[in-house]
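Hello,

Here is the structure I promised to hand over. Please open it and keep it beside this email.

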Number of protein chains: 2
Amino acid sequence: MTADPTLAVESLHRGRELVSPALRGAVDRLDDHSRLVASYHLGWCDERGRPLEANPGKAVRPSLTLLACEAVAGDAAPALCGAVAVELVHNFSLIHDDLMDRDAERRHRPTVWAVWGEPTAVLVGDALLSLAHEVIDESGSGHARAASRALAVATRDLIRGQVLDMAFEQRDDVSLAECLDMAGGKTGALLGASAEIGAILAGAPPRVCAAYRRYGAELGLAFQLVDDLLGIWGWPERTGKPVFSDLRSRKKTLPVVWSLENGGRAGRELAAWLASAEDTAGDTAGVTPDGSAGEARLRCAAGLVERAGGRDWATEEARERVRRAGAALDAAGCDASHRQELDELASFVIERDL
Amino acid sequence: MTADPTLAVESLHRGRELVSPALRGAVDRLDDHSRLVASYHLGWCDERGRPLEANPGKAVRPSLTLLACEAVAGDAAPALCGAVAVELVHNFSLIHDDLMDRDAERRHRPTVWAVWGEPTAVLVGDALLSLAHEVIDESGSGHARAASRALAVATRDLIRGQVLDMAFEQRDDVSLAECLDMAGGKTGALLGASAEIGAILAGAPPRVCAAYRRYGAELGLAFQLVDDLLGIWGWPERTGKPVFSDLRSRKKTLPVVWSLENGGRAGRELAAWLASAEDTAGDTAGVTPDGSAGEARLRCAAGLVERAGGRDWATEEARERVRRAGAALDAAGCDASHRQELDELASFVIERDL
């Protein structure tokens with residue numbers, strides 16, 4: 001794997017530059033309050049509407065849409081409405097997820113519900129989901145209906161993933177297969193649709209569109225595996241998360257669930273640690289001033305995941321998913337130069353912090 | 001106004017019969033949990049999934065879609081996907097509204113958030129909104145893109161209405177024009193789109209589609225005026241609301257706001273009553289066993305609205321909106337027999353309980 005981060009960064013930058021004006025144009029149609037809230041969420045302004053030079057999101061999804069369209073048709077322009085739509089659906093899901101999970105911060109800023117309350121978070125999320133279809137439907141593309149349908153199917157799968165995620169929190173016996181299925185919905189579905197919609201709007205035949213969907217979906221699973229690794233061993237200054245954050249909340253991430261199923265003695269010790277009545281999440285209250293006691297216990301749990309083989313498995317599985325994404329590009333008949341750009345994007349996603 | 005309720009009831013019954021199987025087919029695609037919750041909300045089963053012979057909704061919106069299509073094309077079938085879609089969007093908005101308003105009951109049953117909690121209400125509402133577009137997009141109709149777009153535009157307006165409604169609760173100076181605009185969004189937009197989408201899927205030209213939208217939107221305002229009258233003077237056994245319910249909660253309904261603007265001395269007394277610090281909503285706690293003290297105060301407020309002329313204005317305004325709806329049908333070139341059916345439906349909506 002020899003990723004050229006420059007190429008991927010350029011692809012993402014170009015995607016953002018292309019999509020930004022159309023995305024702003026779409027958000028401009030919302031009522032005054034929803035427009036302010038959506039603009040805040042997207043990093044364009046502060047909570048009083050004053051413009052910000054903030055760091056916008058990476059725009060991975062719209063970039064995939066544009067790259068897939070360009071790979072098929074030699075031109076990204078026909079997919080612009082689709083790129084805007086997938087970014088709108090992504091942000092609808094972030095606003096509603098933050099509300100449901102009661103996450104008060106995203107990218108070091110208060111989340112929508114934390115600033116404006118629940119009803120606003122519900123309504124603005126709804127508005128972005130509906131706007132995504134409006135943008136595609138008015139594009140004038142002869143493939144708009146198929147693109148809108150692919151987006152709706154992916155949204156249904158995204159919601160299914162979120163429903164499973166919530167149900168799994170109440171269960172102790174979730175299997176790796178179930179977790180992968182859930183991640184396929186939560187993370188894979190929209191990334192899959194992002195690439196698929198690019199191919200659809202380029203006028204590609206169904207077989208090629210399906211191959212691009214597989215590319216995006218595999219990339220989504222790779223992305224989730226990396227996210228789970230970062231949730232245990234990642235760098236707080238880059239991800240905004242403290243190290244061990246997912247262990248602190250006893251989250252059943254993919255490396256943890258793999259370790260429970262396949263990790264032998266270390267896996268059983270990890271299960272005992274997770275089952276222990278003591279609430280590790282509350283440890284920070286009763287520890288030494290530097291927090292070392294709680295940290296030590298979390299470090300020990302992370303060591304169990306590592307000894308069980310969960311860290312190596314997740315790292316290798318992420319690479320395997322990227323290989324499968326590449327195989328899907330082969331099946332799509334993607335030419336060499338576009339193939340390289342899409343490969344680099346995939347590698348960039350998984351190599352960034354590993 | 002000589003409504004023939006039999007004809008309207010038949011139209012609604014026929015609409016429900018046509019739409020039900022397709023609506024069930026759409027909901028069947030959802031994940032297990034969302035399907036159960038949506039089926040419960042739609043009155044098809046209890047909260048454990050046991051089938052019910054419950055009273056389903058009136059299906060006004062899908063009936064409008066089917067009738068408009070039939071009026072244009074002589075056949076309701078092309079609009080079936082649109083009828084399902086408007087019913088899905090209507091129910092998405094009910095589930096999210098109940099959550100935002102913390103309404104614990106609807107049609108004498110606990111609401112979705114009250115049974116399953118907030119996250120489920122958020123997700124299942126989202127799922128129904130997205131499903132509405134999926135159903136239209138996969139219909140194979142050559143007019144699917146235009147129908148899906150009209151639905152998205154109406155959803156944006158519906159959300160705008162809800163945003164205004166929430167904002168107005170924080171204000172004392174809301175004008176009648178603002179209230180009518182808000183009701184146009186909350187109630188008029190989707191009813192307008194319901195009729196419009198029927199015409200779109202029938203292949204009608206834009207001028208005719210716009211006329212059907214006006215018909216539905218005027219009907220929506222008439223509906224809201226009637227709802228506001230029932231919220232003050234209605235029959236609890238028919239509406240599920242106690243009499244004076246909107247006065248109890250000091251809601252700024254259309255007859256109240258009209259009275260404040262145009263009601264002279266009675267209007268000023270009503271303003272004083274609304275502004276009085278004492279919380280009438282809490283009166284039931286400290287009253288005589290039969291609740292007569294609180295009731296007497298509410299009856300007095302209702303009398304002020306009546307003396308101010310708000311009751312007469314709202315009744316006449318509802319009839320005027322129905323007349324305008326009829327004028328829109330004239331503009332649409334609707335033939336006599338379909339015209340009668342649509343007229344009866346409009347009259348049924350406003351005459352039912354007045």
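Below is what was found in it.

This is a predicted model, in which local features need pLDDT of at least 70, side-chain atom pairs count only at pLDDT 80 or more, and totals for chains, interfaces and linings use all residues. Residues are numbered from 1 along each chain as its sequence is written, while chains are lettered from A and ligands numbered from 1 in the order in which they are written.

Start with chain A. It has 16 helices and two strands (DSSP runs, H or I of at least four residues for helices and E of at least two for strands, numbered from the N terminus). Of its 354 residues, 55% are buried (20 or more other C-beta atoms within 10 Å of the residue's own, with C-beta atoms placed from the backbone).

Now look at one helix pair. The axes of α3 (60-73) and α4 (80-101) of chain A come within 8 Å and cross at roughly 155° (axes are lines fitted to C-alpha atoms over the stretch in contact, and angles run from 0 to 180 degrees between N-to-C directions). The two helices are therefore roughly antiparallel (an angle over 145 degrees).

Next, the chain pair. 34 residues of chain B are in contact with 34 residues of chain A (C-beta atoms, placed from the backbone, within 7 Å). On the chain B side, α2, α4, α6 and α7 each give two or more residues. α7(B) gives the most, with 14 residues.

Best wishes

Conventions. Buried ≥ 20, exposed ≤ 12 C-beta atoms within 10 Å, placed from the backbone. Contact = placed C-beta atoms within 7 Å. Parallel < 35°, antiparallel > 145°, perpendicular 65-115°, else oblique.
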